[in-house]
Each structure stands twice: as structure tokens, then as C-alpha cells.
Amino acid sequence: MEDKLYIFDTTLRDGEQVPGCQLNTIEKIQVAKALEELGVDIIEAGFPISSPGDFNSVREISKAVTWPTICALTRAVEKDIDVAADALMYAKRKRIHTGIGTSYYHVHYKLNSTPDEILQRAVAAVKYAKKYVEDVEFYAEDAGRSDNEYLARVVEAVIKAGATVINIPDTTGYCLPHEFGEKIKYLFEHVNGIHNAIISTHCHNDLGMATANTISGVLNGARQVEVTINGIGERAGNTALEEVVMAFKSHKELNIVTNINTKKIYKTSRLVSNLMNMPVQPNKAIVGRNAFAHSSGIHQDGVLKNRENYEIIDPKDVGINESSIVLTARSGRAALKHRLEILGFKIEKEKLDQVYQEFLKLADRKKDIKDDDIAMLVGDIRKEDRRIKLDYLQVVTGKNLVPMATVRLNIAGEKFTATESGNGPVDAAIKAVKQIIRRKVILEEFLIQAITRGSDDVGKVHMQVEYGGQIFHGFAANTDIIMASTEAFLDALNKMSPQDTPEDEE
Ligand code: KIV
Ligand code: ZN
């Protein structure tokens, strides 16, 4: 029998507490709608008493969203609960999430109180919230470090007072997975009436254990998990929604199902990351740039033979089109051939060997080889068949130096060399080429473009030249832009008919 696990998303409350990640109401509605599409059961939309902006967002999200329950956070304070109830006025399904600290630290140092007084305040808050809504969730803040016996007393009392969901937060991310699981188990074994409420986990990631603790909580009976997209949240963050959902989807033997449409995970992750200006670390499980990228030759070969050799999740299941075979200096011929085929280049084995050698040289200079680079490499190999080839290029340039270039061209098997100065290294190289070909070729347009970003990038050059009233275009790309410019110029020259070059006029 399958058991439903409720997904409570707190991206817009705990996630939004991250400095610099604040969203305006319109952006929050956008995220809330995306969470609804994703299939989350409960959206914690904010902490209405904390600011008029938060109040307004909870109210507008309540209007905009149809299916998920909208939840508003409060302290165990009547005024907070009044404001939360007001903010939830338009929600079709509503929940008030109230609570108080139960650890020794919170009871004594934060709240300057006693365990009995805290228990009374907890019960009073739940009863007060029940006047407004049926669905009341109670959180025992810092439950992770709370004494289990006392925690059980509080939980029993608030369930009796009408709490429908009990949140056991590991507020400081202190627990180890077995410890957190045992805490949930302890509550199931020692709280009368525990089956009248849903037990929820809310784990922080200070020791990198949020997902493990959450899973351990579920394996011990919790049926709601409080999570955020990309695991964002206070300090080291909260449990990542995508990790928990995919863990249960991957481990079918656990019989835990969620309502999440996993194919929307990646899209939602990108939306949250972009709106919150919060980049996702490349190696982040499920949604990181490298989560389905294979770069070593052995892994690439394995994945190309059968994806499951090195992947436990089909990238399509989380909304990523396909695994990426990242071409690096460690890639093999199989990976290069695969990419060439995707790009529409069908080349025979010998040519492939040749392209592969060029590819390795480029990969040593450039960390990550893109499709443009590959196209350029194939183009370069085709250059072998050209009439005018660049055989040698040397440039001297620098501060207080006159840029000089020496070029040697191979024209139909014959070698010609020239040296020229110019107002820059590219100008010097082009002048040297012109000196060899002795043509009145006019450079009309010259465009250099970085293909991606970064100083290791390939520069793409487009040149438009005029000769004898005709226009010729030349293209080339190289990590060295002087090389790329010279090659682009030669590309244009090669498009002129052979009898036009080299030796007619001065
Ligand atoms: O981490 C925590 O304890 C919380 C509560 C307010 C639920 O975020
Ligand atoms: Zn929290």
C-alpha cells in the first residue's frame, strides 16, 4: 500500500529569509503559481505580522492560487494569529502555522521562561488559532535539540488542543539522521493521540544532513516534509524539495508517493534561482548544472552505451532534456562522434581521428568545449582542402611597441612569407597577408564575438571584404583572436576564384 507524503513548500517564507533573496509580491505570486503547477500540497506564503509587504504577499497569493493550502506563520502570540488570519482571508484552503521554542536554549535563554509556561502558551496559541481556521499546524522550534520527554508532553497537549499537523523542526541542523529518526519514533511511541495529527519534518542543513534527516523522519512515520526549492533558506538552507521527492521516486520499494509532477522540477528551480539571484551550485543534486553531465571518457562511453550505467535518474523525469556529454580533454572519440552527429556532421573514421587530435589540442587550452567550437574544428579540418593556407603566424605587440606580424602562407603548395607593421596586431597580420597576395582587397567589415564568456573563450570572427566590386565573407574561430582574424581573412580570399590570386597587381 502506498503512503502519501505531503509536500509543504516554504521557499516563500524560510527560503525568502536569505539575505539578498527578497522578492516583491508579483515575483512571489509567480513562484506560488509555479509551486502550484509543480504539485506542492501546502505553500507557506509568509509571516504576515513581520511586515506589510509579507502581509500583502500572503493575501495576494491566497487570491492567485487555487489548489494548494496556503499557510501563514505566526509566533505563539495572539496579535500574530489575528494578522495571519486576516492575510489568509481569500485562501480557498488555509492553515495557520503557530509555535514556540521547546529546547532548553529557547525556553530559558530566548524566552526567559519555564517548560510549564511554554507548554501553556503553546496550547493557548493553538486554541486561539482554531477560532479562525480548522487546519492549525504547531511547530516546536528547535525540536532537534529538545528533550524528547518534554517534547512529547508538548506535542500531546497541542494535539489535544486541536493541532492538525505537528512540525518537528531541526532548527539548527544539529541532528544526525538516526537521531532525528529516533525522535520521530519516540513521539509515535509516547504521545497519546499522535495519529490524530500529521507529523512533519522541517530540517536545516547546517551539517549537510537536511535531506538525510528528512528521509529518516519519514521512514519513522512523518508524513509531511517542509522543504524549499534548491534547498534555499536560513544559513546553510532547508531540505531541498527536489532531493526528497526524487529520493522517494527512485526508491519505489519504500512505497512513499508525492503529488509532485517531477517534470516541472528543473523549470521551477531555474525560476527560483533567477528571481532570487541565488545561483545553484553546479554539483547540486538533481538541479545542478553538472547533475547529469558526464565528462570522463569512461563515463561518457558508458552513458552512451546505456544511460543507466552511470545515471540513477532519467534527466527527462526532472524536466531536463538529456544527459550532457561535456567535452573536455578527458573525453574520448565516442563522445566527440556523438556530439558531431547531433550537430549534423557525419565524418568517416580517418577524419574523425584528425578532428579528435585537433579537439584535444583545443581542449587543453579551453576548459569546456561548446558546439560552436566543434563546428569550428570541423571547419578547420575542411580548411586542409583550401588553396591558401596559413602556415605560420607570429606577432609582436605590447605597450610602447609597434605591432609587427610575420605571416607565411602556403598557396597551392608554394610558400610565401611577409612581415608588416600595423596599428594593431590584427592590422599587421592582414597587411602581411595582403603583401603576399598583392591584391587590392578592401576590408569592409570586421566583427569579433565571444562565443560564450570568460577569458578562455573562443573568439568568432566575421569579415566582409570587397575585391573587384564583389563582396566575399570570411569566418573563423579560435581562442587566439589574431589567428581567428587572419584565418577569417584567408577564408574570404579562398572564396575568390583561384585565378584572382595571388600575383597580378601591386
Ligand atoms: O526552523 C524553524 O524552526 C522554523 C520554524 C519557524 C518553523 O523555520
Ligand atoms: Zn526553518
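Visitor: Which residues is isoleucine 100 in contact with, leaving aside its neighbours within four places in sequence?

Guide: This is a predicted model. In it, isoleucine 100 is in contact with Ala76, Leu111, Ile118, Arg121, Ala122, Phe138, Tyr139, Ala140 and Glu141. Contact here requires heavy atoms within 4.5 Å. Isoleucine 100 itself sits in strand S5, residues 94–101.

Visitor: Why is isoleucine 100 called buried?

Guide: Its relative accessibility is 5%. Buried means under 20%. Isoleucine 100 therefore counts as buried.

Visitor: What separation is there between the C-alpha atoms of isoleucine 100 and leucine 119?

Guide: The two C-alpha atoms are separated by 8.9 Å. Along the chain, these residues are 19 apart.

Visitor: What makes a residue part of the shell around ligand 1, and which residues are in it?

Guide: One of its heavy atoms must lie within 4 Å of the ligand. The residues around ligand 1 are Arg13, Asp14, His97, Tyr139, Glu141, Asn167, Pro169, Thr171, His202 and His204. By class, they divide into 2 nonpolar, 5 polar and 3 charged. Strands S6 (136–141) and S7 (165–170) each supply at least two of the shell residues.

Visitor: How do you know that the side chain of histidine 204 makes a polar contact with ligand 1?

Guide: An N or O atom of that side chain is 3.0 Å from an oxygen atom of ligand 1. The limit is 3.5 Å. The pair therefore qualifies. For the side chain of histidine 202, the distance to a ligand oxygen is 3.1 Å. For aspartate 14, the value is 3.1 Å. Taken alone, ligand 1 exposes 260 Å², and the protein buries 93% of that.

Visitor: How do you know whether isoleucine 286 is buried or exposed?

Guide: Compare its value with the cut-offs. Relative accessibility is 10%. Under 20% is buried, over 50% exposed. Isoleucine 286 therefore counts as buried. It lies in the loop between helix H10 (265–276) and S11.

Visitor: What makes glutamate 311 buried, and where does it lie?

Guide: Glutamate 311 lies in the loop between H11 and S12. Its relative accessible area is 6%, and the limit is under 20%, so glutamate 311 is buried. Not counting residues up to four places away in sequence, glutamate 311 touches Phe292, His294 and Ser323.

Visitor: Why is the link between glutamate 311 and histidine 294 called a polar contact?

Guide: Their side chains are joined at 2.7 Å. A polar contact is a pair of N or O atoms within 3.5 Å. The value of 2.7 Å for glutamate 311 and histidine 294 therefore meets the distance limit.

Methods. Residues numbered from 1 in each chain as written. Chains lettered and ligands numbered in written order. Predicted model: local features only at pLDDT ≥ 70, side-chain atom pairs only at ≥ 80, totals over all residues. Heavy atoms only, no water. Polar contact = N/O pair within 3.5 Å; in protein donor to acceptor, adjacent residues only side chain to side chain. Areas by Shrake-Rupley, 256 points an atom, 1.4 Å probe, with all protein chains shown as cover. Helix = DSSP H or I, 4+ residues; strand = E, 2+ residues; numbered from the N terminus. Nonpolar A, V, L, I, M, F, W, Y, C, P; charged D, E, K, R; others polar. Buried < 20%, exposed > 50% of the residue type's maximum accessible area, 1.4 Å probe, protein only.
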